[in-house]
Amino acid sequence: MAEYYLLGVEIATALLGLILLVMGLLVPKTHNKGIANIAIIGFIAIFGVNFLYAGTNASFLNGMYLIDPFSSFFKGLLLIAVFFTCLISKDYILEQGYGQGEYYSLVTFATLGMMIMVSAGDLITFYLGLELNTIAFVILVAFRKNCAKSTEAGIKYVLLSAMSSAVLLYGLSLVYGATKSVLLTEIAKIINQQGIQPLLLIGMIFTLAGFGFKVSAVPFHMWSPDVYEGAPTPITGFMSVASKAAAFAIFVRFFMIALAPVQETWVIVITALTVLTLVLGNLVAIPQTNIKRMLAYSSVGQAGFILLGMVAFSKLGVAAIMFHSLLYVFANMGAFGVATVVGKSIGSDQIKDYQGLWKRSPLMAAVMLICLLSLAGIPPLAGFVSKFYLFTAVIEQGHIWLAFIAIGMSMVSVYYYLIVAKAMYLGQPEEGAEPIKVPGSVQLALALCLIVLVFFGVYPTPFTNLVLDVATAFFPF
Amino acid sequence: MNFPVLSAIVLAPVIGVLAILLIPEKEELLIKITAAVATFISLALSIFIFLTYDRSVGGVQFVESIPWVDRFGINYTLGVDGMSLPLVLLTSIVIFTGVFASWDMHTRIKEFFIFLLALVAGVFGVFVTRDMFFFYLFFEVAVIPMYILIGVWGSTRKEYAAMKLTLYLLVGSAFALIGIIATFLYAGAPQHLGYLTFDIEKLATVHYDIAFQKFAFFLMLIGFGFLVPMWPLHTWSPDGHVAAPTAVSMLHAGVLMKLGGYGIIRLGIFFFPEGAKYWAPLIAVLCIVNVVYGAMVAMVQKDLKFVIGYSSVSHMGYVLLGIASLNSMGIDGAVAQMFAHGIMTALFFALVGNIYHKAHTREIARFGGLAHQMPRVATGFVIAGLASLGLPGLNNFVAEFLIFVGSFTIDKVVLGFIPFRALSILAILGIVITATYVLRVVQFVFFGPRKEEWDHLTDAKGIEMVPIVILISVLILFGLFPAPMTDLINIGVEPLIAKIQAAQAIGGVF
């Protein structure tokens, strides 16, 4: 008898998705304002349920599905991200005027897919989760059906992610061929016995390419600026944090557990990937004039910082990855929350249209500033602490040169974030520019982001202990 | 536990920020008074600790420690010794007077004081913390508000200067950050301390091997050298000084640059005495460039603020010379010079700001005979100028004297043929150039025939006199009675000198 109670979080999420879908169909269009609230309350409840599994370290169906502290941590992260997404989406989607039920149920199913990814204990389960989340995201990206850019982004995303899935799947099948197992722990055992083979190596490279696409690491990042620009802004925010975090979770699991015995081999490739991602992501962000594209490149750059933790291949490295992914949620969701409201009310995503935001909406200007500075890693904000841990992790392993590049690129990132700060604070609003009204739900989201970023920047202890505990439990070595 | 004085000094501006956030933007006077009260609390407490620091005991006093991130050995540890106390006092004097120097401002007052006080909290934090993590944290907190302060309220190419300053300082801090992390991990390794800690006291007990010392001291030197600013890393500073609004210039030149000097001493020499010995000749040569080049460039400036900006570059060269001498006199002098220069340059900027606010120009050639219209400002300027060229009886003389004696006692040769003494002679000659540019400004701006063009200028009065009077009093007070200050500094420098003397002599970089 399988222990179905272990799947509480996933079952609840699936139920929520179905309820939202049905409600969307049953409730007349004039009365469907509340659907967003149901989603928000539902996610809060599921977040509570997730806490019940905080100490659980079990596997389901002989290791196909893992409910361990690592996956529970990432599920919590995904739920926080989706909670913020719903808050920010509420008025945005209401104004679109259609598809309330569909939107929120798709968001929920995307979350479910990502939950399956982070809990996957074998390659097939992982692929299942990946596809569920990709398909949901494709529709969400193209959700603004009257907007050519959104549709274009949807098509781009479906084509490119289909290709990357194919590459990934091919890689996974080669790994399976080389090791005769799809279970991550089994793969590690077998590689330990038989060492590295050419077949495995090719499989590894293909898989890496697939993962690289998902986390938008250079040179597999080409899709992200276009898709980020075209997608509805809340979805862009959601993708940039949740999809990336989920992909990183399984990335870490696959490379650090299944392929741990051949760490010396893959670390070379990943180091190259890290350097490319850091340098290109941050440098290309500089000339961007559209805030969503700028944030897209910045999130490419952020992927580079997270990859540092993989290069370190240590407890501290994993802990730093988790810490960074978690606080990145708040920083990025805050920034995209502001971008959503500004984009909606002035009808433009150009950075120059942020001129004088300090006067039109002091709250949004302050939140944007804090979020961007946190992304840049300026103390006393949470982003500083997480970058500090990442740099410590790589220096601990003796890669001082890599730390030099990373910190240098971190300073480059300050430059392009400050360009936005400059527009917001140094510029004057245009003649007759009205104050921008921020919807209540977005205000709540922004205030939460602000508080979390400042509080955990000053006092990072609780999260630090949490991620170190999880990383210690997660790592066998 | 006693009353946490040092936390109160750091937090008073933070509470000021929170209070100002609640005040509506229209209540300008209330905002200014809040800022003044917040900084006054810091000032009063700084004077309190200056007077009650137990000189017979020495060491680190007023210690507070709260475990912060225990997994990484980060503690919120505050404490002051003879070296940091004068700098805390300096910061509180400069910011308190800086608030009064900004009394005439009327644009976006609320945000101005929020960023100004946030900046000051960071600066206080650097001087009082005894934990390397918090040191860096506070250090960086001081950078970003600067960008907005200069970018919004500045003048003369403000956006360019603000960005340049921010990027330079961040690049510097990147070097320092790598040095800090490397030191932290080195000390935490099993063969050294065996546990992770950021405690500066504990890190100083580790014996770092020579190769690591050379590497880490260099990182710290570059990192904090950007801030000092050490030639050739200085180009941000005159631009920044000139563009910044008065209070920010005062704080910037008066205090922020001292973070660099303090960082080199505290995280550089204190941890890596051998590394310091290795790199000292390099510092010595570069600092002479600072002194002489800075002064020469100051001589030909057309803008009043640029003169002061380059004079800061020149004067901070003396601080570096004191540091490079690596003996008790020299480092005493370096710290004393940081204090003295901070007060003096704050006075300069307050006066120039006063003139600029009324005349809307700072071009030296357009002025003349201002002493007729503004006798008080002229008096203040002459006093600051005399302090700048090291007139006995004013604070700077004591500091510069210590530095010259300290560096002159070194019997070494750098670059294979330049005796160290020759460098200190060059530095002393720098005083002559200083005299030239100071007297040039005094002559062209304040003396000479009365110009009717400036008859509408009113002399400093009322609130404007607050910074002038306070800063001049401090200059004269510690000029006539330097002992309380120099004794205190000496107590703080003693442990450092003991470490330097215990360090084995290794050949310098040249």
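The secondary structure of chain B comes to 20 helices and four strands, and its radius of gyration of 22 Å is close to the 24 Å that the globule rule gives for 510 residues, so chain B is as compact as a globular protein of that length. The model is predicted, and it scores ipTM 0.85 and pTM 0.89. Its other chain, chain A, has 19 helices and two strands, and 25 residues of chain A are in contact with 23 residues of chain B.

**Overall build of the two chains**

- For chain A, the 477 residues would give a compact globule a radius of gyration near 23 Å, and the value of 21 Å computed for this chain agrees with that.
- Taken along the principal axes, the C-alpha atoms of chain A fill a box of roughly 75 × 55 × 40 Å, while the C-alpha trace of chain B spans about 75 × 60 × 45 Å along its own principal axes.
- Buried residues make up 62% of the 477 residues in chain A, and they make up 60% of the 510 residues in chain B.
- Among contacts with a separation of 6 or more, residues 24 or more positions apart account for 80% in chain A and for 81% in chain B.

**Confidence in chain B**

- The average pLDDT of chain B is 85, and 98% of the residues in this chain score at least 70.
- Within chain B, confidence is highest in helix α3 (residues 84-101), at a mean of 89, and lowest in strand β3 (residues 413-414), at a mean of 74.

**The side of chain B that touches chain A**

- The contact between the chains involves 23 residues of chain B and 25 residues of chain A, and the elements of chain B that give two or more residues to its side are β1 (61-69), α5 (132-141), α6 (144-153) and α7 (158-188).
- Of these elements, α7(B) gives the most to the side of chain B that touches chain A, with 12 residues.
- By residue class, the side of chain B that touches chain A divides into 18 nonpolar, two polar and three charged residues.

**Helix α6 of chain B**

- Helix α6(B), which is one of the elements giving two or more residues to the side that touches chain A, is mostly covered, with nine of its 10 residues buried.
- The buried residues of this helix are B:I144, B:M146, B:Y147, B:I148, B:L149, B:I150, B:G151, B:V152 and B:W153.
- These buried residues pack against elements of both chains, namely α15 (362-376) and α17 (400-426) of chain A together with α4 (109-128), α7, α10 and α11 (246-269) of chain B.

**Cis peptide bonds in chain B**

- A cis peptide bond with omega of about 0° joins B:V228 and B:P229, and B:P229 has its place in the loop between α9 (210-225) and α10 (236-243) of chain B.
- A cis peptide bond with omega of about 5° joins B:W231 and B:P232, and B:P232 likewise lies in the loop between α9 and α10 of chain B.

**Positive phi angles in chain A**

- A:N62, a residue other than glycine, has a positive phi near 55°, and it lies in the loop between β1 (58-60) and β2 (65-67) of chain A.
- A:N62 counts as exposed because it has 10 C-beta neighbours inside 10 Å, where the cut-off for exposed is 12 or fewer.
- A:K180, a residue other than glycine, has a positive phi near 60°, and it lies in the loop between α6 (148-179) and α7 (184-194) of chain A.
- A:K180 is exposed, with 9 other C-beta atoms within 10 Å.

Conventions. Residues numbered from 1 in each chain as written. Chains lettered and ligands numbered in written order. Predicted model: local features only at pLDDT ≥ 70, side-chain atom pairs only at ≥ 80, totals over all residues. Rg over C-alpha atoms; globule rule 2.2 N^0.38 Å. Buried ≥ 20, exposed ≤ 12 C-beta atoms within 10 Å, placed from the backbone. Contact = placed C-beta atoms within 7 Å. Nonpolar A, V, L, I, M, F, W, Y, C, P; charged D, E, K, R; others polar. pLDDT = per-residue confidence, 0-100.
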